[in-house]
Amino acid sequence: MSYTSEGLDAMADRGELKPAPGTAVYRDPSAPALTDKDLMGIFAGRPREEEHRPANMELCVKVTRP
């Protein structure tokens with residue numbers, strides 16, 4: 001799924017975007033909206049969610065019950 005900055009802004013206005021627990025928002029609320037170019041710069045190099053890549057390593061772990 002592809003999002004534009006306008007679409008993300010509308011989602012935020014509707015309250016559909018929530019920060020992940022334990023994270024902080026550092027952008028000033030009065031700052032101008034991010035552009036598509038800004039967003040592409042932020043997410044460049046990150047793997048796409050829709051791309052399913054094989055695992056490099058598989059770990060088998062045993063744990064004891066508390």
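Student: Why is Glu 16 called partly exposed?

Tutor: Glu 16 has a relative accessible area of 43%. Buried means under 20%, exposed over 50%, and partly exposed in between (1.4 Å probe, protein chains only), so Glu 16 is partly exposed. A word on the source: this is a predicted model, where local features need pLDDT of at least 70, side-chain atom pairs count only at pLDDT 80 or more, and totals for chains, interfaces and linings use all residues. Residues are numbered from 1 along each chain as its sequence is written, and side-chain values use heavy atoms, with hydrogens and water left out.

Student: What makes Arg 14 and Glu 16 a salt bridge?

Tutor: Their closest N and O atoms are 2.8 Å apart. A salt bridge needs a side-chain nitrogen of Lys or Arg within 4 Å of a carboxyl oxygen of Asp or Glu, so the pair qualifies. Searching the whole structure gives 1 salt bridge.

Student: And why is Arg 14 called exposed?

Tutor: Arg 14 is exposed because its relative accessible area is 54%.

Student: How do you know that Lys 37 is exposed, and where does Lys 37 lie?

Tutor: Lys 37 lies in helix α2. Its relative accessible area is 72%, so Lys 37 counts as exposed. From Lys 37 to Ser 5 the C-alpha to C-alpha distance is 9.0 Å, with the two 32 residues apart in sequence.

Student: How much of the protein chain is buried?

Tutor: Of its 66 residues, 5% are buried.

Conventions:
Helices (H or I, at least four residues) and strands (E, at least two) are DSSP runs, numbered from the N terminus.
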